[in-house]
Amino acid sequence: MDVWHNIQHLVPRQDLNPAQELLQLLRNPFKQTLTDGAIWSALGTSIGFTVFIAIAFSFLRPYNSVVYAPKLKHADEEHAPPPIGKGYLAWIPPLWKTTEKDMIAHAGMDAAIFLRFTVMCRNIFLVLGVVGCSILLPVYYTLNSDKSGNQKWFMRLTPSNVNDQPIWALVVTAYLFNFIIIGFLWWNYRRVLSLRRVYFETKEYQQSLSARTLMLNDIPKKYANDEGIARIIDDVIPHASFARTAAARNVRDLPNLIRQHDHTVRKLEKVLAKYLKDPQNLPAGRPMCHPSKKDPSYTTYPKGQKVDAIEYLTQRIRELEIEVKEARANIDKRSTLSYGFASYDDIAEAHSIAYALRKKKPQGATIVLAPRPNDIIWDNMPLTPANRSWRRIIINLWIVILTLVWIAPSAMIAIFLVNLSNLGLVWPAFQAQLSGNTGFWSIVQGVASPAVLSLVYLVLPIIFRRLAIRAGDRTKTGRERHVVGKLYAFFVFNNLIVFCLFSTIWNLVSSVANDPQKAWDELSNFGVTLFISLCDISSFWVTWLLQRNLGAAVDLAQLWTLIYSFFMRKFSSPTPREMIELTAPPSFDYASYYNYFLFYSTVALCFAGLQPLVLPAAALYFSIDVWLKKYLLLYIFVTKTESGGMFWRVLFNRFLFGTILSNLVVFLTAWVHGDGIHTMAFASIPLPFIMVIFKFYCSRTFDHKIHFYSTRNIQKHPEGVMSKDPLRSVGLAHRFGHPALYKPLNTPMVHAKAQNILASIYKGRLSDGREAYSGDTMSTSGYSDAYIMNPMHAGKPGKTAHLPGFEIVPESRLDFEYYKTRAEFASEHGGGDIFGRSNDIMRPGTPGSSMWTGSEPASRSGSPTIPSIPRIDSPSRTLSPSSDIGMTYPSGYSQPLSTPYVAEPGPGRSRSPLYSVGNDSGSNLVGNAAAMPMAAPATRERSVERPHRAPGGAGMLGGGPRGYGGLPQDEDFGPEHDPMQYNYFREARTSRRF
């Protein structure tokens, strides 16, 4: 907008003081914000910039695959997107050829549902645009009563100046709109159901642990054990088959200690990266820092005095490692929490039980299908229903306060930031600056408003996400669905309802305040005033939707990623960990994009009857964005936590709400423009009720089939239950232990260029804690149950390396490709699902099937915790399975697998496989290790399980042959011989043959 033009136009009003100017602006904040060419200008700039960015992207993409196609490099063969050539337009054919089922394989079910919703929005607004524009535009243009020629052309396309007569075309069009939307929603509901059934039959789902597992919440104290979980289910489903049960253990402060450790490791890495940026020219002074307030010895340091950062942080890491080890050693399996898990051998049976108990609460417990282990928010799992309800009340109260508080900033942005000349009217000093530097402030006006709004839209999802966590959500995907709902409510209320009604309500309040005797007249005319205000602002939303295409193109260009990566590398001192994370595929923010799409759809639907041009504007946006988002999901972004397409019902309900809101606008228009008895308004009353009835129909028809693999209540014969092979169920519940029990502690990463100087600048000692013959059993840096030989100095066989506890990373290995299977990196970038390392996969036919067996070719990273890369004078981390061939282990140690879970050989039901080991500390939390070879084996199948061997390798979690507590690792009697167990009287106590 031309700021100088506005200033010239507003000069005659300079006789008003600033307070009066502000009141006038609040009466009509959108005055003079649109010119006759504003819509054409918005359309031209939007399409022009979109085409320019697309062309620039086509030239940059072949030479920046790390930014524009990271999934091509990191995804495994099953999940890799279609290959893409080096041609400038080679990225277009794969988008055209990739089908919806291919999207499920390449990007996941959530990505497929996202694209289906985007395509549905495109098709809906294309059809609505044709119907609405062909019917309403000729009617409004013909019936317009202003023949003076001074009216702007886009205002002639609204019903604001239509003669006071019924506009039945609007009501007929509203019914057509509703039935068109119902048709598209019904068709896509059926397609989502079909996709869910396809998803249920995929190999990933059929082999996943969570698919056959139930989660029990709010378990009473007396049932909070393995036997109690079995009793709860057996009381309601007495003929259910064999189930593995596991009650959650109380990990106390262990998760907080691990978070402190990870934060301290990253802080040490940052200090070392800055200090060792140029190893040949070190700074004169050593880095200093303040002691952490969470340090128990914080009060022993002089107040306000800094300490040597390298020495303090390494010592703090060592202390935290000791605390973590002691906390794990003191975990008591008898101290359980109010939730647990029950796993079945058959997916259909687990789902049928969940369906049968969906409205029941046996013994007060709720039973639902278990989410994926990486989907669980573990800190919220122990919350009681009362605590959870109270938290939700408080969080919802905060959200209401935030929504109301934001009204004032939203109004100020709409009045002043969109048009800086308005700010000059109430601020004389700024008026002088505005008049003297018109060109500069014109640029500021064009950039400031989008920048501020973009910053707000970036921060709001983060705020709502943290509030949802504090509200007690149990899963991350459930939290994201709640974030979508709360963001949508916030946007609709503040950016649509308040934004549109503000001037009308302000006029009403100010008029009543000036003349209270006319209050009733003002209230009686409120409907007419509101209708005219909506017509005036309708053209603004047309230009606003046209400008959204620019945001879609910016997403494709990944400008923020490019700028951030450039400044990070050139003007900062990134740590090796940060450099690795820069090359990782980013996670897709479904909550934000879903909110944008729903909000755009609601705006278009609400103003479709007032300004039909809003429909083709929305159709243009979705038509462009459906292809751009398809590329982003195929080649750039990953789904951080897969929900299996469970966003659909949230989207469906919000789209229905937007349609009902548009029906209310139609009712308002029909009430204002109609005969004296308001027949046309009454004719529009059934519209919202039709949508409500349709919602209940879809819910009853599709929801259960979408959510459950099987809804039939399977009744099995007791003898058939006993004939099942219990070993097939072994290991199903292992993945649902709290991650704090087995999560490896991060090791500080140091760049290889600083390797030689590291020993001279570090005066202390940070032991690895896993070196043979080191005698240091109190440090668990890296954390593993593996027996590790003394690390050898690179290039000097027989010489030991120095400074254990640091991981040296060569320049050639600063790539996510080498670390994508390590939990510390994969957890924020898809959880390993597309990298061939899903933590929810079970290998069929193998009792320990939930574990990686080391059978993958050596061409890929051999260990899910550390890549198989050459070590350069660095301390040894856990050896990969592919690197220990021919290694002979001392007596009492066994070759480990690289997973923290173990299968229980015993078939007894009464004992959880997670707690089957006699040691009450942290043992039996690592994978089921194979027996120790006495000589180098030629060939050996790593997935073979030895059922007669005690579960778990000796020296669990680096604690030695007898674990941390020095207790025996074997029990004298199996659980099936213990008469105190629930299973003793329920199953035959005969010895089983293996």
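These legends describe close-up views of one predicted model. Local features need pLDDT of at least 70, side-chain atom pairs count only at pLDDT 80 or more, and totals for chains, interfaces and linings use all residues. Numbering starts from 1 along each chain as its sequence is written, and side-chain values use heavy atoms, with hydrogens and water left out.

Figure 1. Helices (H or I, at least four residues) and strands (E, at least two) are DSSP runs, numbered from the N terminus. The protein has 994 residues, and 56% of them count as buried. Buried means under 20% relative accessible area, exposed over 50%, and partly exposed in between, with a 1.4 Å probe and protein chains only. A contact is heavy atoms within 4.5 Å. Among contacts with a separation of 6 or more, 82% join residues 24 or more positions apart.

**Figure 2. Helix α29, residues 686–707.** At 1.5 Å a residue, the 22 residues of α29 should span 32 Å, and the end C-alpha atoms are 31 Å apart, which agrees. The expected span is 1.5 Å times one less than the number of residues. α29 bends by about 35° at serine 699. That bend is the angle between axes fitted to the seven residues ending there and the seven starting there. The buried residues of α29 are Leu687, Pro688, Met691, Phe694, Cys698, Phe702, Asp703 and Ile706. They pack against α9 (168–200) and α27 (648–672).

**Figure 3. Helix α14, residues 347–356, and its cover.** In α14, 10 of 10 residues are buried. Among them are Glu349, His351 and Tyr355. The cover over these buried residues includes the helices α10 (203–206) and α29, along with the strands β1 (213–217), β5 (336–344) and β6 (366–369).

**Figure 4. Phenylalanine 708, in the loop between α29 and α30 (718–723).** Phenylalanine 708 counts as buried, because its relative accessibility is 6%. Leaving aside neighbours within four places in sequence, phenylalanine 708 is in contact with Arg197, Phe200, His351, Ala354, Tyr355 and Leu369.

**Figure 5. The second largest pocket, with about 1,500 Å³ of space.** Its lining has 50 residues, and the closest to the centre are Val368, Leu369, Arg481, Met646 and His707. On a 1 Å grid over the protein atoms alone, a pocket is an open set of points with protein on both sides within 12 Å along at least five of seven lines; a cavity is a set where a 1.4 Å probe fits but cannot get out; lining residues have an atom within 4 Å of a point. Grid points are joined across faces, edges and corners, and a volume is the space filled by probe spheres set on the points. At least two lining residues come from each of α9, β1, α14, β6, α20 (476–514), α27 and α29. α29 gives the most, with six residues. By class, the lining has 17 nonpolar, 17 polar and 16 charged residues. Ala, Val, Leu, Ile, Met, Phe, Trp, Tyr, Cys and Pro count as nonpolar, Asp, Glu, Lys and Arg as charged, and the others, Gly among them, as polar.

**Figure 6. The second largest cavity, with a volume of about 120 Å³.** Of its 16 lining residues, Ala174, Phe177, Leu605, Ser662 and Val666 are the closest to the centre. α9, α25 (590–606) and α27 each supply at least two lining residues. The largest share, six residues, comes from α9. The lining holds 10 nonpolar, six polar and no charged residues. The whole structure has eight cavities of 30 Å³ or more.

**Figure 7. Lysine 629 in helix α26, residues 614–636.** Lysine 629 is buried, because its relative accessible area is 1%. Apart from neighbours within four places in sequence, lysine 629 is in contact with Phe114, Leu115, Ala552, Asp555, Phe588, Tyr593 and Phe597.

**Figure 8. Positive phi at aspartate 218 and glutamine 558.** Most residues other than glycine have a negative phi. Aspartate 218 has a phi of about 60°, and glutamine 558 has one near 55°. Aspartate 218 is in the loop between β1 and α11 (226–236). Glutamine 558 is in the loop between α22 (526–557) and α23 (559–571). Aspartate 218 counts as buried at 18% relative accessibility, and glutamine 558 counts as buried at 7%.
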